[in-house]
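Have the viewer open while you read.

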Amino acid sequence: MNEKKTKLKKTLRKIKEDKVLYLLFLPTLLFFLIFRVWPMVNMRLSVYDYKAFGGWKYVGWKYFEIIFKSPQLKQILENTLIISFMKYILLFPFVVLFAILLAELASKKFRKYVQIISFLPHFLSWVVIAGIWISVLSPSKGAVNQILNVFNLPSMSFMTDKNAIRWVLLVSEAWRSIGWDSIIYYAAIISIDPSIFEAAKIDGANRFKIIKHIILPALVIPMVTMFILNLGFFLNAGFDQVFNFTNDAVNSKIDILDTYIYRIGLINGQYSLGTAVGVIKGFVGVFLVLITHFISKKITGKGVW
């Protein structure tokens, strides 16, 4: 008993000594408690009829049945999977390519400028980015349509074109993230021993052969690691981006699970139904994480935890 009291006193004394650090950590802790832990506690709302006042009535699988019978679910799932595939699979090689091209720049000064310019969009909110892209793609005064007009091509309304809007999401995501996401690969490239490059040049290897036989093998482990980690977030198709880019003309093509949850839960006030959709998404996410763990074990002999 005395030993426990001694440990408690030591802990409290340590907290008191580092109180500034704990105060700095407090906002982060509160954020996760309010927006991560508390929602998990209220996942039970998916099997209850929500009432602002009075007790909640247990309804079992009622809301899950409504979801799976909904004609919208198929289209929303299709949109989510397609947009996630474009962001996590199609964009993936370009991130690696950007890191290789960045490392190949001979001028260190120019490389720093490229890094700064490519990293900056990552720190902009999607509200700002959406405003920039809507302006650039404007059918009347947008820069893209002005270039098309120079070549006698007709103007296009990209933001209201169902066939173009998903590609707009992909390109804007690339513009925002490709520089930032390439950091891990660039770090892997610059960590390669310079003597290996020198030996390859002495043996007559050109730049293409150096990239193929030295750089790409060094990137295999970070590429595999990032790919299998991203698999666990596959259903997160990007609420912030879609929410700011959507409009009535293209909503059917980019309406994803997160925007659907937002619309039925917060806008329409169907909290139980929105929670049920969130629970389904959560379970699918857990399943994908387990798949990630299995793939990681098969490839590296170790899991992700």
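This is a predicted model: local features need pLDDT of at least 70, side-chain atom pairs count only at pLDDT 80 or more; totals for chains, interfaces and linings use all residues.

Residues are numbered from 1 along each chain as its sequence is written, and side-chain values use heavy atoms, with hydrogens and water left out.

Start with R166, found in helix α9 (residues 165–181); helices here are DSSP runs of H or I, at least four residues, numbered from the N terminus. R166 is buried but has no salt bridge. Buried means under 20% relative accessible area, exposed over 50%, and partly exposed in between, using a 1.4 Å probe and protein chains only. A salt bridge needs a side-chain nitrogen of Lys or Arg within 4 Å of a carboxyl oxygen of Asp or Glu. For R166, the nearest side chain of opposite charge is E78, 4.7 Å away. What R166 does have is a polar side-chain atom 3.0 Å from the backbone oxygen of K253.

Leaving out residues up to four places away in sequence, R166 touches Q75, N79, I82, I83, M86, K253 and I254 (contact means heavy atoms within 4.5 Å). Q75, N79, I82, I83 and M86 are among the α4 residues that meet α9, where the partners include R166, W167 and L169. The axes of α4 (residues 71–90) and α9 come within 10 Å and cross at roughly 35 degrees; axes are lines fitted to C-alpha atoms over the stretch in contact, with angles from 0 to 180 degrees between N-to-C directions. The crossing is right-handed, that is, the near helix is turned clockwise from the far one by less than a right angle.

Elsewhere, charges do pair up: the structure holds five salt bridges. Here are some of them.

| Pair | N to O distance | Relative accessible area |
|---|---|---|
| D18 and K14 | 3.7 Å | D18 23%, K14 45% |
| E104 and R207 | 2.6 Å | E104 27%, R207 35% |
| R263 and D255 | 2.7 Å | R263 23%, D255 6% |

E104 in α5 (residues 92–104) and R207 in α12 (residues 207–231) sit 103 residues apart, so their pair links distant parts of the chain.

Finally, the loop between α8 (143–150) and α9 holds N152. Most residues other than glycine have a negative phi, yet N152 has a positive phi of about 60 degrees. N152 is exposed, at 71% relative accessible area.

Notes:
Helices (H or I, at least four residues) and strands (E, at least two) are DSSP runs, numbered from the N terminus. Lys and Arg count as positive and Asp and Glu as negative; His and the chain ends are not counted. A polar contact is a pair of N or O atoms within 3.5 Å; within protein, one must be able to donate a hydrogen and the other to accept it, and residues adjacent in sequence count only if both atoms are side-chain atoms.
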